[in-house]
Amino acid sequence: MKSVILYEDQDILVCYKPAGFAVQSARASQMDMESELRGYLHGGGLYVVHRLDQPVEGILVFAKNRSAAAKLGAQMQDDVMNKYYRALICGEMPETEGVLIDQIAKKENGVTKHAELSYRIETYNPDMDVSDVRICLKTGRFHQIRIQFSRAGHPLVGDRRYGDERAQESAAALGLKNVALCAERLSFIHPQNGKEMDFSTTPQFHKT
């Protein structure tokens, strides 16, 4: 399996998704995380609760029944589920920590939505002109992190869609084939027993 199961019980599956592997695919010929896990479960129930962009790595939780899916979905809506990210960005931010706020338009209808995240710079590498940053999402918008840092003038390393020449040059220098973004930590309340669940991983771009 490309994905790695971090935790499993009768209600949920918590997995690590590698960069470059789709959560879901529109093409029947292309293997994706959902199809892989359905095969692992031999036809058992599986419900997608949230997603990560294909070039992004990190932790996801799946539900194994409708009840768990509904409760986890409600946590997403009520901001009870907390998602923390790690990224490499081009350049040095003017502040070591702060908040980014933007209005992001939906591609389908052009309607704009409030997008907000907080960040903290862990280190800055002046030789590479790259910063290592921790990110906490306040809202969940399509490609939010990638768009907001690009608008701030600090695109993510390796981001081919929203990045610039610096983003590609830094990725090549670091030997990265995907965007340097990882959903490194996920915390939520177990949908059935009410226990606090907290999972974390180390980004692959920190292991290179």
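Contact here means heavy atoms within 4.5 Å. The structure is a predicted model, in which local features need pLDDT of at least 70 and side-chain atom pairs count only at pLDDT 80 or more, while totals for chains, interfaces and linings use all residues. Residues are numbered from 1 along each chain as its sequence is written, and side-chain values use heavy atoms, with hydrogens and water left out.

Leaving out residues up to four places away in sequence, Glu-184 touches Ile-59, Tyr-84, Tyr-85, Arg-86, Arg-134, Phe-199, Ser-200, Thr-201 and Pro-203. Glu-184 sits in strand 9 (residues 181-189); helices (H or I, at least four residues) and strands (E, at least two) are DSSP runs, numbered from the N terminus. With a relative accessible area of 10%, Glu-184 is buried; buried means under 20% relative accessible area, exposed over 50%, and partly exposed in between (1.4 Å probe, protein chains only). Arg-86, Arg-120, Glu-122, Asp-132, Arg-134 and Glu-184 are linked in a network of salt bridges, a salt bridge being a side-chain nitrogen of Lys or Arg within 4 Å of a carboxyl oxygen of Asp or Glu.

The whole structure contains twelve salt bridges. In one of them, the side chains of Glu-8 and Lys-64 meet at 3.0 Å, N to O. This pair links distant parts of the chain, 56 residues apart: Glu-8 is in strand 1, and Lys-64 is in the loop between strand 4 and helix 2 (66-77). Glu-8 is partly exposed at 31% relative accessible area, whereas Lys-64 counts as buried at 17%. Asp-198 and Arg-185 form another salt bridge through their side chains (2.7 Å, N to O). Asp-198 lies in strand 10 (residues 196-200) and Arg-185 in strand 9, so the pair ties together parts that are 13 residues apart in sequence. Asp-198 is partly exposed at 44% relative accessibility, and Arg-185 is partly exposed with a relative accessible area of 35%.

A further salt bridge joins the side chains of Glu-34 and Arg-38 (3.1 Å, N to O). Both residues lie in helix 1, four residues apart, about one turn of the helix. An α-helix has 3.6 residues a turn, so residues three or four places apart point the same way. Glu-34 is buried, with a relative accessible area of 16%, and Arg-38 counts as partly exposed at 35%.

Helix 3 (residues 144-151) is mostly covered, with six of its eight residues buried. These are Gln-144, Ile-145, Arg-146, Ile-147, Gln-148 and Phe-149. Their cover includes strand 5 (82-90), strand 6 (97-105), strand 7 (112-125), strand 8 (130-137) and strand 9. Just after helix 3, Gly-153 takes a positive phi of about 90°.

Ile-145 and Phe-149 also belong to the largest nonpolar core, which has 29 residues; along with Phe-62, Tyr-119 and Ile-135, they have the most contacts inside it. A nonpolar core is a set of buried Ala, Val, Leu, Ile, Met, Phe, Trp, Tyr and Cys residues joined through side-chain atoms within 4.5 Å. Strand 2, helix 1 (33-40), strand 4 (57-63), strand 5, strand 7, strand 8, helix 3 and strand 9 each supply at least two residues of this core. Another core lies apart from it, with 14 residues, among them Ala-63, Met-81, Phe-188 and Met-197.
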